[in-house]
Amino acid sequence: MKEIFENVYKIDNKIATKALSRKKVYDEKFIEKDGTYYRVWNPYKSKLAAAIVNGLKVMPIKRDSKVLYLGASAGTTPSHVSDIVEDGIIYALEYAPRIMRELLDSCSDRKNLVPILGDANKPWEYSNIVEKVDVIYEDVAQPNQAEILIKNAKWFLKKNGYGMIAIKARSVDVTKDPKEVFKEQKEILEKGGFKVVDEVNIEPYEKDHILFVCKWLNVE
Ligand SMILES: C[S@@+](CC[C@H](N)C(=O)[O-])C[C@H]1O[C@@H](n2cnc3c(N)ncnc32)[C@H](O)[C@@H]1O
C-alpha cells in the first residue's frame, strides 16, 4: 500500500481513499488494512479517479483543503473528496432537486460535506454559505463550463488557489474535434485568469473528456 496523494492510496493496483464513513455512496468496495478502512475509487465512475489513474501530477486537494464542488450529482466523487479533506470542508453544489435528495441521503453522515441546492451560473445566490476556498472542482457538463469556473473563482477562490475542471467536449460542441474544443476551453480559462498547470485525457474511462488543473492568477 502506498499513499500517492494525501489520503489517496494505491492498494493492490487499485486506488482508494481513507474512508471517513462506512456508509456506501455507490457500489464501491471497502478494503480493511490494520484496522483502517479504505474505499476503492472506481475510475469508470469518477473522472477525478480516472485522471489519477491516467497520471495526474498536480493534486491540489489536500487533507485540510476547503473545496467548492460544482455539479455534485449523487455524491460519487464528492464522497471521495470528502474522504481526502478530513480536516477541511467541501461545499457540494447541485441544481437538480431529485439528484440532491440522493446526495443528501448518501452523504448525510459526512460532517465535512455541505450540500447546497443551487445553480453554478449564479454564485451570488450561495455566497452567504460558501467561504473563500483553496480549490474549485467543476464537473457540470455544460456548454459554458469554463466560464462557470471563472465566474465562481472570482467569487470564492483564494489567491493562488486551484481550479480543477472536467471538460466534456461533446457538451461544448458535438460537431468539433474534441482536441479543438479542449484547446479553445484552455484559452478561455487562461484569458479568464487561470494558468493551466496539468492536463489529463481520461479515456478510456470517459470518451472525449479532459481534466485541467489550473492555478488562479487573477489577483484583482
Ligand atoms: C456529470 S454529473 C457530475 C458527476 C459528479 N461530479 C461525480 O463525479 O460524482 C453533472 C452534474 O452537474 C449538475 N449540473 C449541471 N449544470 C449545473 C449547474 N449550472 N449548477 C449546478 N449543477 C449543475 C447536473 O445536474 C449533474 O448532476
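Predicted model: local features only at pLDDT ≥ 70, side-chain atom pairs only at ≥ 80, totals over all residues.
1. The shell of residues around the ligand divides by class into eight nonpolar, seven polar and four charged.

2. In total, 19 residues surround the ligand. The closest of them are Tyr69, Thr77, Glu94, Asp119 and Ala120. Helix H2, which covers residues 76–84, gives the largest share of this shell, with three residues.

3. At Asp119, a polar side-chain atom lies 2.9 Å from a ligand nitrogen. At Ala120, the atom that lies 2.9 Å from a nitrogen of the ligand is a backbone N or O. Tyr95 also places a backbone N or O atom by a ligand nitrogen, here at 3.3 Å. The ligand taken alone exposes 610 Å², and 86% of that is buried by the protein.

4. Where does the ligand sit? The ligand is found in the largest pocket. The space in this pocket comes to about 420 Å³. Its lining is made up of 26 residues, and those nearest the pocket centre are Gly71, Ala72, Ser73, Glu94 and Asp139.

5. Which elements each supply at least two residues of the lining of the largest pocket? They are H2 and strand E7, the latter spanning 89–94. H2 contributes the most, with three residues. H2 also supplies the largest share of the shell around the ligand. Sorted by class, the lining of the largest pocket holds ten nonpolar, ten polar and six charged residues.

6. The second largest pocket has a volume of about 290 Å³. It is lined by 17 residues, with Lys14, Ile15, Trp41, Pro43 and Val53 closest to its centre. Two or more lining residues come from each of these elements: strand E1 (2–5), strand E3 (14–18) and helix H1 (47–53).

7. How many residues of each class line the second largest pocket? The lining has ten nonpolar, two polar and five charged residues. For the largest pocket, the corresponding counts are ten nonpolar, ten polar and six charged.

Terms used: Residues numbered from 1 in each chain as written. Heavy atoms only, no water. Near = heavy atom within 4 Å. Polar contact = N/O pair within 3.5 Å; in protein donor to acceptor, adjacent residues only side chain to side chain. Areas by Shrake-Rupley, 256 points an atom, 1.4 Å probe, with all protein chains shown as cover. 1 Å grid on protein atoms, 1.4 Å probe; cavity = no way out; pocket = protein on both sides within 12 Å on 5 of 7 lines; lining within 4 Å. Sits in = over half its atoms within 2 Å of the grid points. Helix = DSSP H or I, 4+ residues; strand = E, 2+ residues; numbered from the N terminus. Nonpolar A, V, L, I, M, F, W, Y, C, P; charged D, E, K, R; others polar. Points joined across faces, edges and corners; volume = space filled by probe spheres on them.
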